[in-house]
Amino acid sequence: MDKYLTRVLQLASENPEYQALSNYLMSRRAFPEIQYKPNPSNTFGSFREGGLFSDGVNPRGLVRLNAQPESTGAKYMTPTLTHELTHAAEEQLIRQYYELKNKPTKTDLEKQFMDNFQKIVGSSEPQIRTQIQQLSPEFSNQNSNYRTSSTEGLAFGVQNSAYPENIFINKAPSHVDPTIATQLMLLLEQAQRVQDQQPPKGR
């Protein structure tokens, strides 16, 4: 593994939000492959879901971090890694919700998770976009194309709350990101408890 990527992973592992995302994804056997290479699109990073129609993508998904000069500092890539792992975790939360929905009988904990999933993420309505609109209508209207979409709202919320000192961030008004991040971390903790109660799967 590239020594710079190793340093990024080491720094990220010190962060509680990253730890929660990582532990959840590993318990779901869905921690994505991470590649560190130049990105022609000039974005800091990206996440691609693995699946039947994702040619060349690891079934667990793929995070690509745009290689930066070492002088930039690995600490500036750790927020991006956390951002992209939030996308991966959201995908698994959605899958977990539908796995439980198809179960004929559900435990109280599973029912609570499903109820909170609907309130925080939503299976059909963009709940995070709606929440951002309620928390800060002006910011939501000014950033309606990307930053305040439900998927990016979650990822930026976690990233910016985990790394408030990072200079390469798309900031929202001070109360928005922490609110979104807190809700997702609570849902993630509940999802982890549900996952921990499931019988182990074969490799």
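Helix 3 is mostly covered, with 19 of its 24 residues buried. This is a predicted model.

User: How many residues does helix 3 have, and what is its reach from first C-alpha to last?

Analyst: A helix has an expected span, taken at 1.5 Å a residue. Here helix 3 covers residues 78-101, which is 24 residues. The reach is 34 Å, close to the 34 Å expected.

User: Which residues touch the most other members of the largest nonpolar core?

Analyst: A nonpolar core joins buried residues through side-chain atoms. The largest one here has 48 residues. Ile34, Leu65, Leu81, Leu85, Leu93 and Phe113 touch the most other members. Helix 8 (residues 176-196) gives the most to this core, with nine residues.

User: What does Leu85 touch, leaving out residues up to four places away in sequence?

Analyst: Leu85 touches Tyr18, Leu21, Leu25, Phe31, Pro32 and Val63.

User: How many aromatic pairs does the structure hold?

Analyst: There are four. To read a pair, check the ring centres, then the angle between planes; over 60 degrees counts as edge-to-face. The rings of Tyr97 and Tyr98 have centres 5.1 Å apart and planes at 90 degrees, so this pair is edge-to-face. Tyr97 is buried, at 4% relative accessible area. Tyr98 is partly exposed, at 33%.

User: Why is the pair of Tyr146 and Phe156 edge-to-face?

Analyst: Their planes stand at 85 degrees, so the pair is edge-to-face, with ring centres 6.1 Å apart. Tyr146 lies in the loop between helix 6 (137-142) and helix 7, and Phe156 lies in helix 7, so the pair ties together parts ten residues apart in sequence.

User: Which residues do ring pairs link into a cluster?

Analyst: Tyr97, Tyr98, Phe113 and Phe117.

User: Where does Ser150 lie, and what does its side chain reach?

Analyst: Ser150 is in helix 7 (residues 150-162). Its side chain reaches the backbone nitrogen of Ile128 at 3.4 Å. Beyond neighbours within four places in sequence, Ser150 is in contact with Pro126, Gln127, Ile128 and Arg129. Ser150 has 13% relative accessibility, so it counts as buried.

User: What is the phi of Arg29?

Analyst: Phi of Arg29 is near 55 degrees, a positive value in a residue other than glycine. Arg29 sits in the loop between helix 2 (16-27) and strand 1 (33-37). At 44% relative accessibility, Arg29 counts as partly exposed.

How values were computed:
Residues are numbered from 1 along each chain as its sequence is written. This is a predicted model: local features need pLDDT of at least 70, side-chain atom pairs count only at pLDDT 80 or more; totals for chains, interfaces and linings use all residues. Side-chain values use heavy atoms; hydrogens and water are left out. Helices (H or I, at least four residues) and strands (E, at least two) are DSSP runs, numbered from the N terminus. The expected span of a helix is 1.5 Å times one less than its number of residues. Buried means under 20% relative accessible area, exposed over 50%, partly exposed in between (1.4 Å probe, protein chains only). A polar contact is a pair of N or O atoms within 3.5 Å; within protein, one must be able to donate a hydrogen and the other to accept it, and residues adjacent in sequence count only if both atoms are side-chain atoms. Contact means heavy atoms within 4.5 Å. A nonpolar core is a set of buried Ala, Val, Leu, Ile, Met, Phe, Trp, Tyr and Cys residues joined through side-chain atoms within 4.5 Å. Rings of Phe, Tyr and Trp (its six-membered ring) pair if their centres lie within 6.5 Å; planes under 30 degrees apart count as stacked, over 60 as edge-to-face and the rest as tilted.
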